[in-house]
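Me: Could you take a close look at a single part of this model, the open sheet, and describe how its strands are arranged and covered? Please state the cut-offs behind each term as you go.

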Amino acid sequence: MRATSILCFGLLAATMTMGSLVSVPAAAQGMGDLNGVAMVTGTCERLVVAGEDMTNTCEGRLIQSIYRTGRTGFTVNIGSGGAITFSGIEGEKPDADSQLQSVDKVIVNGGKDGGPISSKDVTGSCFYENPFKGPAVTKCEGSDAEKGAYVLQFRTDGTPPNVLNYGIEETAKDATDRAFKFGVWSGSRLKGDSANGCVLSRDTDGATTFMVYANVNGAFDLGFYNDAWSFKTETPPSAELLFDGKPYPAVSVVILTPQQLVARGGGEEDGFQALIEQSVQLMLRVGDAEVKVDLKGAPAAVARLWDCVGGM
């Protein structure tokens with residue numbers, strides 16, 4: 001098998017034409033239920049957090065994360081590697097080209113100089129327009145128990161979103177063998193992937209999703225996603241992977257979005273699969289982040305992943 005294929009090829013192969021940024025099927029729960037991510041570019045017109053105007057720190061990129069639970073979030077990056085996320089539950093559609101979402105939580109990552117990541121309960125809502133039909137506005141407003149104001153207003157530049165879709169294919173004829181669950185691991189066929197790829201995922205620490213992508217060409221690549229990350233796509237950070245404390249040599253990293261990265265390994269003889277199956281723990285160190293992945297049950301889950309790939 002060939003283990004040098006890149007995860008992003010499979011993920012970026014998926015496209016969508018629905019009115020919202022990412023289609024949301026109903027399913028299970030938790031960070032391992034990440035269903036899709038969409039990124040748009042444009043202008044952050046206003047950002048207010050706990051009454052503080054932070055518009056001048058807000059960058060020109062907006063990321064929407066969608067989970068199979070119906071939860072969704074809008075994230076903007078701020079200076080010093082920080083990020084602000086407005087999180088809630090997707091609601092009604094006023095018309096074919098707009099969508100409502102509640103806001104019940106704002107997550108603040110101040111970056112290197114901003115202290116630990118914090119979460120604030122808020123009450124509010126978001127409204128966003130269809131970004132596939134030209135410039136579109138996303139606006140979120142809310143307030144906390146102390147009446148502190150939270151506002152996000154972002155206007156896209158008209159460029160279509162960059163969509164990463166991990167959704168389960170919903171065709172009735174073979175849904176049962178394309179979606180699977182083994183303990184804390186879950187997986188499904190990747191929509192629109194010409195190489196018949198499947199994705200295996202699990203929650204790691206309540207904040208990070210760990211993913212494995214495999215396809216008929218022998219790809220076996222690792223991905224990590226965290227709403228609070230804010231990596232620069234143009235300057236991939238150095239990264240270190242450790243299996244049971246032993247460093248994996250020559251790891252390179254591809255940044256798909258500021259919240260998601262892919263770790264590349266070597267060829268079949270020194271690739272990731274054997275280490276995933278034989279190790280107890282995987283650790284990723286990248287930038288200031290450290291993620292630990294419990295690999296209990298991984299051998300059986302990986303076997304199910306290959307069954308998914310082979311289930312034509």
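Reply: What follows goes through the sheet strand by strand and ends at a loop residue.

This is a predicted model, in which local features need pLDDT of at least 70 and side-chain atom pairs count only at pLDDT 80 or more, while totals for chains, interfaces and linings use all residues. Residues are numbered from 1 along each chain as its sequence is written, and side-chain values use heavy atoms, with hydrogens and water left out.

The open sheet consists of seven strands in the order 11-12-13-14-15-19-18, with antiparallel pairing; strands (E, at least two residues) are DSSP runs numbered from the N terminus, and two of them pair if DSSP finds at least two bridges between them. Strand 11 (179–182) and strand 18 (252–257) stand at the edges with a single partner strand each, so one side of each lacks a neighbour in the sheet. From one strand to the next the twist averages 20 degrees, where axes are lines fitted to C-alpha atoms and angles run from 0 to 180 degrees between N-to-C directions.

Strand 15 (residues 220–226) has seven of its seven residues buried, buried meaning under 20% relative accessible area, exposed over 50% and partly exposed in between (1.4 Å probe, protein chains only). In a regular strand the side chains alternate between the two faces of the sheet. Here both faces are covered, with Phe220, Leu222, Phe224 and Asn226 buried on one side and Asp221, Gly223 and Tyr225 buried on the other.

Strand 15 runs antiparallel to strand 14 (residues 208–214), to which seven bridges join it; among the residues involved, Tyr213 has Asp221 in strand 15 as its bridge partner. The hairpin of these two strands has five residues between them, and in it Gly218 takes a positive phi near 90 degrees.

Finally, Thr204 lies in the loop between strand 13 (198–203) and strand 14, and it is buried, with a relative accessible area of 18%. Its side chain reaches the backbone oxygen of Thr208 at 2.9 Å. Leaving aside residues up to four places away in sequence, Thr204 touches Phe210, Val291, Lys292 and Val293, contact meaning heavy atoms within 4.5 Å.

Note on methods: Helices (H or I, at least four residues) and strands (E, at least two) are DSSP runs, numbered from the N terminus. A polar contact is a pair of N or O atoms within 3.5 Å; within protein, one must be able to donate a hydrogen and the other to accept it, and residues adjacent in sequence count only if both atoms are side-chain atoms.
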